[in-house]
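Trainee: I would like a close look at a single part of this model, taken slowly and with the terms spelled out.

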Amino acid sequence: MSTRRIAANVGAASAAIVGAVVTVVGAALAAIPFSPAVAQDAPFPIAAWSRTTAAAEDAGAPAERGAAVFNNWCSACHSRGPLNAPGTTSLQNKYQGALPAALEDRTDLTAEVIELYVRNGIATMPFFRKTEISDADLAALAAYLVE
Amino acid sequence: MPNPPPGLSQRDFNTALGRIEEVVGREWVFKSDADVALYRDAYSPLWGESEERFASAAVAPISVEEIRAVVRIANEYRLPLYPISTGRNLTYGGSAPVYSGSVVLDLKRMNRILDVNERDKTCLVEPGVSYFDMYRHLRTNNIRLWIDTADPGWGGLIGNALDRGGGYTGIDYRDHFDAHCGMEVVLANGDLVRLGMGASPQAKTWQLFKYGLGPWLDGIFSQSNFGIVTKMGFWLMEEPEAALQVSVTVPKRRDVVPLLDGLHSLMCAHTIPSQTTVASPIMNGSADPELVRLRTSGGTASDADWDRYTAAQGRPFWSSAFIYYGAQKVIAAQWEHTKDRLASIAGVQFRETASYTFPLSDGQAEAVPDKPRLGIPSLNLFSSRNAPGAQPSEGHLDFSPMIPPRGEELIALADTTGKIYGDLGLIPTFVGGLMFHPRTMICFHAVPTYRNAADNQRTRRLFETLVRTCTDRGWPIYRIHAHFQALGMQMFGFNDGALHRLHETLKDAIDPNGVVSPGRYSIWPKHLRGRA
């Protein structure tokens with residue numbers, strides 16, 4: 001098996017492999033199911049994280065800066081999912097479809113509500129200090145999520 | 001103006017904060033109730049009670065020189081400081097001080113990645129650098145080195161290492177304190193030291209050779225209050241050619257004895273390179289009354305009782321997860337040898353759960369389901385909160401006893417702690433242990449915390465009973481929440497607390513005014529002993 005054939009096996013492919021039970025001791029090495037890459041490029045967070053820098057948070061239009069803040073601090077829990085979205089799943093359970101579970105899909109958020117949760121937390125989500133999300137960052141985040 | 005720490009007059013406190021403002025800028029001294037409240041322990045087991053630990057103010061310097069100036073001022077007024085790095089040591093105390101009234105020294109703004117050396121496979125960072133920051137930096141710059149991240153991954157390299165946390169990848173990386181190489185510390189008197197080879201200013205090996213010359217002192221700056229660490233070097237893992245994540249399941253409860261013996265041997269031989277998790281799909285998350293009865297029986301339920309119950313569930317009792325990193329041919333041989341070693345356990349099943357070659361594209365990395373095993377920080381651990389039957393709480397503490405990696409001990413621990421939960425009318429939370437150290441298993445129990453006193457009182461009783469009982473059984477903890485650190489150190493009381501006396505002897509020598517984190521890990525300066 002060439003190195004080239006061992007490719008990232010993620011997403012749907014891994015679910016298939018989870019089901020593969022190998023009980024044959026001494027099976028040929030080639031039996032190990034390294035699978036070809038099948039993953040689609042996910043829409044967002046890690047690529048966005050990689051672009052997120054302090055400079056990005058300090059510059060640009062409010063909504064653009066707010067997007068950087070969201071990617072930096074919020075998206076690991078509140079991405080659109082299904083991965084990296086324990087917060088989104090939690091909101092799905094809470095609202096049962098009455099409101100969008102992903103914060104970026106909400107149209108009812110206000111700056112006051114966003115500040116309330118960032119500075120007070122909710123359930124397992126802790127609050128954020130001003131050395132993490134400054135007041136200016138918070139305003140930008142609100143501009144991004146409210147627009 | 002906020003209230004001063006105990007023993008400090010309002011006038012002196014105001015003067016000290018005013019002088020600190022001149023050092024760091026007014027913007028970076030937080031004094032309002034709303035701002036200081038952000039330094040509460042979000043998962044506090046004392047939330048809203050009179051004994052909850054509060055800061056009096058917070059100060060956020062941007063440089064080593066600012067820290068040194070603040071420390072000198074603190075010494076003049078005997079002002080207690082409580083340094084935090086990213087402040088995300090949630091479940092162990094968060095950003096709240098041990099000693100109420102301390103001024104939190106928030107180092108989050110010091111978030112520079114000072115160096116990443118791809119050839120040496122090392123980095124040097126400041127305290128505010130989070131796992132996410134470092135991961136993004138490596139990806140953005142196409143540096144094919146991995147971090148080892150805590151899980152959840154919202155903390156930082158320095159803070160987690162100093163509290164001796166751990167992760168998932170190779171043996172040289174997942175014990176985060178062990179993975180450090182070189183540090184810089186502002187001492188309590190404002191002096192600045194570099195440890196290891198860093199003390200030799202021209203040395204090219206600060207992040208490569210740990211010891212330097214003379215006594216090796218790095219250890220005293222972990223789980224302690226002897227100084228403020230301002231830089232740390234770490235060894236990073238070279239991105240492997242490939243990785244294969246696997247699971248090994250065994251059907252019966254008692255099968256964990258040969259399973260752990262085998263896994264331990266394979267880890268000691270470095271056949272299995274990664275952290276190894278051994279957890280029970282049977283015990284995980286169910287409130288089934290029969291299961292709760294078995295789990296809280298205190299060990300009176302027989303193996304036959306457990307086997308009957310397990311057989312009816314159609315799931316194995318234990319599932320072990322680990323991962324191989326390296327060249328694919330080597331991985332294949334390691335996996336084959338692993339299967340050979342464990343094949344004699346009746347009913348054992350071997351599964352490959354995911355395979356990878358590297359580098360991953362952004363999309364592929366994003367879609368990795370078990371990110372920390374590939375050094376990718378994640379908060380997905382919180383998904384457990386959304387599982388069917390989960391018992392939501394506002395937060396939790398980690399109770400983290402250490403056992404030898406022997407199945408008999410794991411079963412005994414599950415029986416012992418299960419009964420403690422049951423006696424308090426709670427469903428046991430323990431589902432298994434993990435080995436981020438090579439020769440011990442940490443058996444994390446999530447102990448829920450709430451935003452109400454009644455439930456938290458029960459939590460505190462549970463936690464203290466777990467600590468004391470497990471210590472009596474030979475399973476003391478490796479790390480403990482700030483509120484329980486005095487209790488924790490009592491559990492290390494050989495020779496009438498000789499170790500604790502030594503800690504405080506050091507404190508008197510290195511921080512006579514007690515300005516750095518008084519009370520952390522129960523180390524108090526002389527003037528506060530017996531009073532705080």
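In which helix of chain B is B:Leu259 found?

Mentor: B:Leu259 is found in helix α6 of chain B, where helices (H or I, at least four residues) and strands (E, at least two) are DSSP runs, numbered from the N terminus. Before going on, please keep in mind that this is a predicted model, in which local features need pLDDT of at least 70 and side-chain atom pairs count only at pLDDT 80 or more, while totals for chains, interfaces and linings use all residues. Residues are numbered from 1 along each chain as its sequence is written, and chains are lettered from A and ligands numbered from 1 in the order in which they are written.

B:Leu259 counts as buried because it has 23 C-beta neighbours inside 10 Å; a residue is buried if 20 or more other C-beta atoms lie within 10 Å of its own, exposed if 12 or fewer, and partly exposed in between, with C-beta atoms placed from the backbone. Not counting residues up to four places away in sequence, B:Leu259 touches B:Val250, B:Val278, B:Trp318, B:Ser320, B:Leu342, B:Ile345 and B:Gly407, a contact being two C-beta atoms, placed from the backbone, within 7 Å. B:Val348 is 89 residues from B:Leu259 in sequence, yet the two are 9.1 Å apart in space, C-alpha to C-alpha.

Helix α6 (residues 256-268) of chain B and helix α11 (residues 407-423) of chain B have axes that come within 7 Å and cross at roughly 125°, the axes being lines fitted to C-alpha atoms, for helices over the stretch in contact, with angles that run from 0 to 180 degrees between N-to-C directions. α6(B) is therefore oblique to α11(B), given that angles under 35 degrees count as roughly parallel, over 145 as roughly antiparallel, 65 to 115 as roughly perpendicular and the rest as oblique. On the side of α6(B), the contact is made by B:Val256, B:Val257, B:Leu259 and B:Leu260, which meet B:Gly407, B:Glu408, B:Leu410 and B:Ile411 of α11(B).

B:Val248 and B:Gln349, 101 residues apart in sequence, are 5.6 Å apart in space, C-alpha to C-alpha.

B:Leu259 also belongs to the largest nonpolar core, of 133 residues, where B:Ala58, B:Val59, B:Val70, B:Val103, B:Leu105, B:Leu157 and B:Leu259 touch the most other members; such a core is a set of buried Ala, Val, Leu, Ile, Met, Phe, Trp, Tyr and Cys residues joined through C-beta atoms within 7 Å.
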